[in-house]
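Biologist: Could you walk me through a few parts of this model while I have it open? I'll jump around a bit.

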Amino acid sequence: MEGIGFNHLRRVIAVILFALLGLAGNYWGVRLFFGMDFLFGSIAAVLMMRFCGTGAAVVISIISSSYTYVLWQHPYAIIIFTSEILFLGCLSKKHKTVSLIILDTIYWLTAGSVLCFISYRFSLGLDLQTTFLIMLKQSVNGIFNTLIATVIITYLPILRITLPNCCKQGLSLYETLFHAFLILVLIPMLMLMIINSRYKLQEIEQEISLKLKHTKVHVADTINSFISEKIYYLSKIGVSIADGLLASPNVLQERLEYLKFFDNGFNNMNIVNSSGVVVAAYPLINEKGYSNIGIDMSNSKVYNSIKERLKPVVYEHIGTPLIPTVTTGVPIIKDWGFVGYIFGDLDINIIVNELNTISKQLLVNISILNENNQMIISTRDNYTPFKDFNNYKGWESRRKPDDTNHLFPGKEDKQPTIKKWKSSVYMTANAVGLDNKWRIVVEVPFALYKDNLFIFYTVNFSLMLILIILSIMVSIIMKHIQLRPLYRLTEVTSNLPERLYTKESIKWPESLIVEFSALIENFKSMTECLTTKFQQLQHEISERKTVEDKLKQIAHFDTLTGLPNRRIFFDRLTQILHISRRNSTSFAILFMDLNRFKYVNDTLGHEYGDMLLKEVAKRLLTCIRQSDTVARLGGDEFTVLLAQVKQESDAAIVAEKIIKVIEQPFYLEGQECSIGVSIGISTYKSDSDAVDVLVQKADTAMYHAKSFSGSNFQFYSHEMEKQAMERISLEQMLRQAVSHKGFSLHYQPLIDINTNEIIAAESLLRWHHGELGYISPHKFLQIAHDTGLIIPIGEWVLRTACQQNKLWQQKGLPPIKVSVNMSISQFARQKHLSNMIADILHETALEPSFLELELAETVYMQNIDIVIKTLLEFHKTGLYISIDDFGTGYSSLAHLKSLPIYKLKIDRTFINDIVINPNSLSIVKAVIVMAHSLGLQVTAEGVETVEQLTLLKELECDSVQGYLISRPLSAIEFEKLLQKKILTR
């Protein structure tokens, strides 16, 4: 009993809540224009139908739609919306699988449209165009509300939790796509129509406002000009009388007749003396046959007004016959006294004809009102002169910003709102006439623009209804064409293991959809796999086991290239090792590292680096057999496991093939790049039986291959192991030497070839180890570059050379330049290199002109952009820059010309055989001529014989250095040599 009471209370609360929501949806609907409102109250009724059934939903519909009577002043919308809920409730019980949206569309295309037509066309008497528009609006409105209610029921999480009985358990793919399509079509179109309708109405009102303003100005100008002109002519006659020029009655009579002939805008004219007696008139004889002369006008309104004000007046009255007459009078003043006046009845038909022309052209009504709000002139039908202007009594008015009033029937008028809207009028008024006593009233009926606005809404609602119908048709067709195979597949795969176990024949569906076809094919493959397992093991394969196996498989492959990763590589290597031991066969490991990959990664970005690794993986796969394995260990390191080789040459053939395919250009989204590869090879039986040792030896051989320029491969040898250990030991000692300043500098002099005077000294790094003795720079400099130790070493060399040169200057020795060799690592890795050099010069107090930086030609050719930028910074500080080992790096003359250098140093390889080799002689001669043409000095390195020196002097070389001059000397020895100033031989 308690449960029943709670359910009843819940239903009552639901009815109240949804009734309030329905009223709110109708109250806050979208107002398109009077009588055309987009309401949302039926959403609550549809929701209620799902929650409490059709009966409660009908109650909600009646309550919520009752607000439409307030909006539209008729009860027919209540009947139509309530019938919609009854229709949906009855059919949804019989056709539970059919969407509510489809059922609602059927309602509005059949019963709903018939009810709308009967209600609005026959009961309310609306015209066919308006009735059709309302039918379209109601149909789209009703279908849209049902769509929103269905979406809320289907997808709103809180509703699915609190009201589980009204929501489906699980979502349908068909309904989801159908709802998404309708929402994407209807909501944007509805919002666009609302926005455009506001602009449309605003555009119409602006057009009306401009028409009213134009008409008002035109009419005011016409009336004011007409009256002003008549007053002007009368005033001229009055002035002539006051001046005594027109004293004779005959002359006055002639003047009136002339004025009538000149301007027929007057019907009657009279000249009245100060006593109010007519002394001249046109015409002389009135309609009754009596003379107009001598008539007493002293009691007339015109006489008294002019005499009192002594100003022109305009007076309107009913003439004979009963037509409006406008009289204008002008006082005659002489010696500041009133001596009479002249007046005339204006031909009002002139103004009436003008106003009728304007009215017909602009489709407006124009009325001229006097100060008593009576119509003097009007273009209205059945116009009565001097009738009060009260046509819009009881109408509601909306004031526009441009002083325009929008008038429409008030609440007392019980006709439907849309009829009131069609009867509405836009009106404006403006003062006109003498002393602004009259008002111009211009009216524009909205009915003139009704068709334009109705066509706009009819097109939009028709398009939305057509799209709804097309969406439903397309969805039904797509459901049968596309989703039927999916439903069939669901049926086929139901209890699939049992059917496979019993060997039941399965007829697989077919689909035109690629994804569904792939799904069906996957099920076929899975079925074949399950069948095989059933035959082999006679038990089910656990789904968890399948997933775990899949995850393990994924864990064994590289995510970027798809190649086996380190784990699976070592697993396969272990398996191959066991097979080789058992079968006494051999296999090989190729350990590869990509040359210039870091350069591509740094210059083009990591995205291009990843693309390059993928392409490399594809090319490597083309170089191996199916039994072999290509793996990526990480970064740009790859390995190839050749499962069986008869001799080392087999591995060499594969290595050469890999080098060939890798050196071919790569095209990465339009970017061309070229790389190389260094390969180390180790083989089983000839090297070791341990897996990790075999890989380590291949790695060692790869590093040995990288010590050579370009792409190449090397087989592992024990000598490599020894060299690797020596390298490791040397690296450790080098780090200790850096931290303990275990280096020294020697200086080799450069002499002027003509004067034999020492002009510079090249600083050379020397390392004397306590145990190993002298270690050649060729042994440790490459290690310094690879480990980055060249940065602190280079800084120490630069500071020591500057300190020593400054010390020699302080001792009074001849000032010379000291040169320091710069490495590419300092340019590429050391930030703010120019600032560091400037700090050292400041610290040692050495002038920049006594420091020369030597840059190897091969260095600046590899990183020309970075080098040029840095050298320009050096040049600004006054440093001298020279190119060392010139001739070995294939310099571009364009680059050479752009570098801020002052000297070239010809490499010793050209000087060694300059005396006996004509080619070397030609090269040296060409370099000297070219350098001098560019304004550069030339130094020859490695001069060791007098013949070489003599020949260089003949070639006009500027300076030389070499063992013929002096070997590199310690600082003390060089100081003694420098004290001689001139070196003689």
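**Contacts, a sheet and a pocket**

Modeller: Leaving aside residues up to four places away in sequence, serine 882 touches Glu852, Leu853, Glu854, Leu855, Lys903 and Lys905. Please keep in mind throughout that this is a predicted model.

Biologist: Where is the place of serine 882, in which strand?

Modeller: Serine 882 belongs to strand E26, which covers residues 880-886.

Biologist: And does serine 882 count as buried or exposed?

Modeller: Serine 882 counts as buried, because its relative accessibility is 0% and the cut-off for buried is under 20%.

Biologist: What about aspartate 571, which helix does it lie in?

Modeller: Aspartate 571 lies in helix H19, residues 566-583. With a relative accessible area of 37%, aspartate 571 is classed as partly exposed, since that class falls between the 20% limit for buried and the 50% limit for exposed.

Biologist: How far apart are aspartate 571 and histidine 556?

Modeller: From C-alpha to C-alpha, aspartate 571 and histidine 556 are 9.8 Å apart in space, and they are 15 residues apart in sequence.

Biologist: Changing topic, what is the strand order in the open sheet of five strands?

Modeller: The order is E15-E16-E14-E19-E20, and the pairing is mixed. Strand E15 (629-634) and strand E20 (712-715) are at the edges with a single partner strand each, so one side of each has no neighbour in the sheet. From one strand to the next, the twist averages 20°.

Biologist: In which sense do E14 and E16 pair?

Modeller: Strand E14 (residues 588-595) and strand E16 (residues 637-642) pair in the antiparallel sense, over six bridges. Leucine 590 stands opposite valine 640 in E16.

Biologist: Which strands does helix H23 lie across?

Modeller: Helix H23, made of residues 691-706, lies across E14, strand E19 (676-683) and E20, and runs at about 140° to E19.

Biologist: Now the pockets: what volume does the second largest pocket have?

Modeller: The second largest pocket has a volume of about 830 Å³. It is lined by 33 residues, of which Asn268, His317, Thr325, Phe343 and Asp345 are the closest to its centre.

Biologist: Which element gives the most to that lining?

Modeller: Strand E3 gives the most to the lining of the second largest pocket, with four residues. Elements that each supply at least two residues of this lining include strand E5 (313-318), strand E7 (337-346) and helix H13 (348-362).

Biologist: How many of the lining residues are nonpolar, polar and charged?

Modeller: The lining of the second largest pocket has 17 nonpolar residues, 12 polar ones and four charged ones.

Conventions:
Residues numbered from 1 in each chain as written. Predicted model: local features only at pLDDT ≥ 70, side-chain atom pairs only at ≥ 80, totals over all residues. Heavy atoms only, no water. Pairing = 2+ DSSP bridges. Axes fitted to C-alpha atoms, helices over the stretch in contact; angles between N-to-C directions. Contact = heavy atoms within 4.5 Å. 1 Å grid on protein atoms, 1.4 Å probe; cavity = no way out; pocket = protein on both sides within 12 Å on 5 of 7 lines; lining within 4 Å. Points joined across faces, edges and corners; volume = space filled by probe spheres on them. Nonpolar A, V, L, I, M, F, W, Y, C, P; charged D, E, K, R; others polar. Buried < 20%, exposed > 50% of the residue type's maximum accessible area, 1.4 Å probe, protein only.
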